[in-house]
Amino acid sequence: MLLEAHDVAKAFGSFWAVAGADLTVEEGEIVGLIGPNGAGKSTFFNCLAGDTLPTSGRILFDGTDLTRATPEGHARAGIGRTFQVPMTFEDMTVLDNVMVGAFLRHPHRSDAREHARRIVELTGLRPDQPGRSLGTPGRKRLGIARVLATEPRLLLLDEALAGLTPTELREAIALVRRIHETGVTIVIVEHIMEVIMTLTRRVLVFNQGKVIASGTPEQVVKDEAVIEAYLGRGARHA
Amino acid sequence: MKHPVSPRVGVCLLAAALLLFPLVFSDAFYRDIGVAFLLAAISASAWNIVGGYAGQVSVGHSMFFGLGAYAPLFCYTQWGWPPLAGIPVGIVLSVTLAVVIGMPTFRLSGHYFSMATIAVAELIRIFFGTWALVGGAIGLQGPAVARGWWDLTFRGDLAYYYIFLGVLGLLLFVTFEVGRRRFGFYLRAIKASERAARSLGVPVRLTKLKALALSATFTSAAGSLYAVKTGFIDPDSGFGILVSVQMVIVAALGGAGTLLGPLVGALILIPLQTAANTWFGGGGSGLTFILYGGIIVLIARFEPGGLFDLWRRVAALVWRRAHAA
Amino acid sequence: MVLLQVIVGGLLLGAIYALFSSGLTLIWGMMNFINFAHGEFVMLGMYAALLVVLHIGGGPVGFGAAAALALFGLGVAVYFALIRHVVRGPMLSQILSTFGLALLLRYTAFFIFSANFVSLPPTSLSGTLDLGGIFLPVAQLVAGLTAVVLTIALHILLTRTTIGSRLLAVAEDRAAAMLMGIRPDRMQALAWGLSAGAAGIAGALLATAYPWSPTVGETFGLIAFVTVALGGFGSVLGSLYAGLIIGLIQAISAYWLGAIYKDIVVYGLFVALLWLRPQGLMGKA
């Protein structure tokens, strides 16, 4: 079991964004996390990534308790994440952006640069392009490249494929698949059903802070509770 | 992007110019400006490490300058030590202060750090003004006559010029080297986006602390050089807001976060300041501040990258036009 | 008895601290922006009062309102000319913008008014009251009480009126507010106006009771930081409590340790706060 989340909860004041969520991910899986907006999946995701401190519950990575670990600690342990709004290092080139990630495992500049260059090639970006000149798809890809350079065992993708054209989407899906094939376990939060259906083998559905359904994508799509969550009561019988 | 002039050639030319300057312009007036330029360049370059590269804006950096200035003169007046021996003392004090301030404030957003620097600098200034041991409002003085070369009390500015130039060279070298390594990448990442940096495993708080400590070290050295050259220090010339402001404006005007930005800033500001003092006369410091304030606002509003950035954009434009033709 | 007088005096001054600090905390809460020139706004309020008295005449209500309006206008102007452009830029330019503004305002004041301490000519608030052994200048008493009223009024404005909820909506979620037909730019300009206006009135109130020079801006600025840090960034009520506490601490320190130390104590308190309790007493960090 690579990642386990037990009864994780997060309250903001009196509002429980996450109200007891469980998750287990085996090494090598690709797991999807879906749910309507406001369902709490982003908050849960941030708890898994170390950006938000859970109010209660436990998060274990490869047996180690990371519940209260900092984002840096998560990265060092081998968990990487992307951001919904890619936070590109604007004033640095693509290669330099990726090198920041590479330095985690390669403290020496020449090693880091070599490692970064390989990753930049893998993701199809141009190393000398200034970060600020990239469009949104490029920035998202750079975000993935950057975190890949930290050599994560588990990669948390936060809506990394939103806002792409159909062609870009297909390329991105292929990229994620390639990454998965190198042995990285992936948890992907996504709204785009094509991504979920084609990439993931198992899906968890979030609503109102809890996991309300889990199974293969085909099973989940037909689940009554899921339909109700997305479309409201009455849609079940439509 | 290709530069019209190779950077290496540019740096060599610059170094040559700086080395030859006091020999070509041997009048005391010019040498004086030269020394003032170097001192401003050193202070601003030191500030640049934490304020420009790491993006943590200190507006109270005079606290390190002042400690560095008081230390050698204090060691001299209390124990008769040569001021040279007091320089490391100043550095130790400054680095300690840097850690004390950095530890709590770097956990929080950047504004806390900036506010803390103002408060602490003022605190120290007022405190030193009331503390008899360090001379109170009157301050301390250095050796009037040199007992040996280690007293660093020279007549004329030439020796000071080359000592300062050496320190500037060392500082720029350290900044350059550090900038190329992991530490430099981490600094720039923190400045660009702390949250993203964290997610990549950058130890943000520790990196900021290191940057502040390094910056404090050289700022303290600058203060020591100042005290040794003028042979005198008091709370205002050590910890005053003018000292802090000048560092910031020199770096920001030239280009904060670039290696040579502070030099460019000093190159423009020091002659400007000298001219302003001449025109406005004795009551000049008030008008100088008005000018400084105005310049800072204009930089912030229109050209946050400083003149260096402006120059780069203009040069790129000219280069493109020349090659399109 | 003297101690009691010191305490009351400190609280009254603290109330005025609370008033101008609530302006600073409003901007922080709304835009996550620190105005390093806020102390200068207070200082300008004081001089505005003086100018009105000298050239137009009138009583405290007159010059108080004049100071408030003048500074309100300045706040809005500063927002449109400067703040709006830097608020979404790098941190360096954000901090430099108001820091540079502070220098500009402070030394322009030095240039125009000189470094001498000045006071308002005698107003209807002159004289001292004897409240059972405590001798209080009328001006201090009125100024302090007015400050409390105005601070609470600001709090009510922000929390219980439509315009207040619009301001808070923009603070909460700019994009959502826009979708609801609220114009964030206008609301933020309004916030700056209110913030500067509060500083302006506070300045006028201070002018009735205490002498000043252009240097006070720096001190008030720092006091505002401490007050806002203690009371919690974004909380006007927090500023009220914190302001009173700061005024009290300052007065007692001056009494026990000597007048020179009253500023040191405040700055020291700030540094201690940063170390120990950055989130203040009431707000979030």
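In this predicted model, strands β1 (residues 3–12) and β4 (residues 56–61) of chain A run antiparallel and are joined by 5 bridges. One of the residue pairs in this arrangement is Glu4(A) with Leu60(A), the latter lying in β4(A). Ala5(A) likewise has a bridge partner in β4(A), namely Ile59(A).

Strand β4(A) also pairs with β5(A), again in the antiparallel sense, over 2 bridges. Here Phe61(A) has Thr64(A) of β5(A) as its bridge partner. The two strands β4(A) and β5(A) make a hairpin with 2 residues between them, and Asp62(A) in the turn has a positive phi of about 50 degrees.

These pairings belong to an open sheet of 4 strands in chain A, ordered β2-β1-β4-β5, with antiparallel pairing. At its edges are β2 (15–25) and β5 (64–65) of chain A, each of which pairs on one side only.

The bridge partners named above are gathered here.

| Residue | Bridge partner | Strand of the partner |
|---|---|---|
| Glu4(A) | Leu60(A) | β4(A) |
| Ala5(A) | Ile59(A) | β4(A) |
| Phe61(A) | Thr64(A) | β5(A) |

**Contacts between chains**

There are 2 pairs of chains in contact, and chains B and C share the most contacts. Chains A and C are not joined by any contact, and their closest C-alpha atoms lie 11 Å apart.

Where chain A meets chain B, 22 residues of chain A and 18 residues of chain B take part. On the chain A side, the elements that give two or more residues are α2 (71–77), α3 (94–102) and α5 (136–148). By class, this side of chain A has 12 nonpolar, 2 polar and 8 charged residues.

The contact of chain C with chain B takes 34 residues from chain C and 36 residues from chain B. On the side of chain C, at least two residues each come from α3 (60–86), α4 (91–113), α9 (216–231) and α11 (261–276). Helix α4(C) gives the most to this side, with 15 residues. The side of chain C that touches chain B divides into 26 nonpolar, 7 polar and 1 charged residues.

**The nonpolar core**

The largest nonpolar core has 280 residues, and the members that touch the most others are Ile42(B), Phe164(B), Ile296(B), Ile16(C), Ala49(C), Leu71(C) and Ala202(C). Helix α8 (residues 184–209) of chain C gives the largest share of this core, 15 residues.

For Ala49(C), the contacts beyond its neighbours within four places in sequence are Phe63(C), Ala67(C), Leu120(C), Gly203(C), Ala204(C) and Ala207(C).

**Around Thr151(C)**

Thr151(C) is found in helix α5 (residues 138–160) of chain C. This residue counts as buried because 27 other C-beta atoms lie within 10 Å, the cut-off being 20 or more. If neighbours within four places in sequence are left aside, Thr151(C) is in contact with Ala18(C), Leu19(C), Ser22(C), Val236(C) and Leu240(C).

Ala202(C), one of the core members that touch the most others, is 51 residues from Thr151(C) in sequence. In space, the C-alpha atoms of Thr151(C) and Ala202(C) are 9.9 Å apart.

Definitions and conventions. Residues are numbered from 1 along each chain as its sequence is written. Chains are lettered from A and ligands numbered from 1 in the order in which they are written. This is a predicted model: local features need pLDDT of at least 70, side-chain atom pairs count only at pLDDT 80 or more; totals for chains, interfaces and linings use all residues. A nonpolar core is a set of buried Ala, Val, Leu, Ile, Met, Phe, Trp, Tyr and Cys residues joined through C-beta atoms within 7 Å. A residue is buried if 20 or more other C-beta atoms lie within 10 Å of its own, exposed if 12 or fewer, and partly exposed in between; C-beta atoms are placed from the backbone. Two residues are in contact if their C-beta atoms, placed from the backbone, lie within 7 Å. Two strands pair if DSSP finds at least two bridges between them. Ala, Val, Leu, Ile, Met, Phe, Trp, Tyr, Cys and Pro count as nonpolar, Asp, Glu, Lys and Arg as charged, and the others, Gly among them, as polar.
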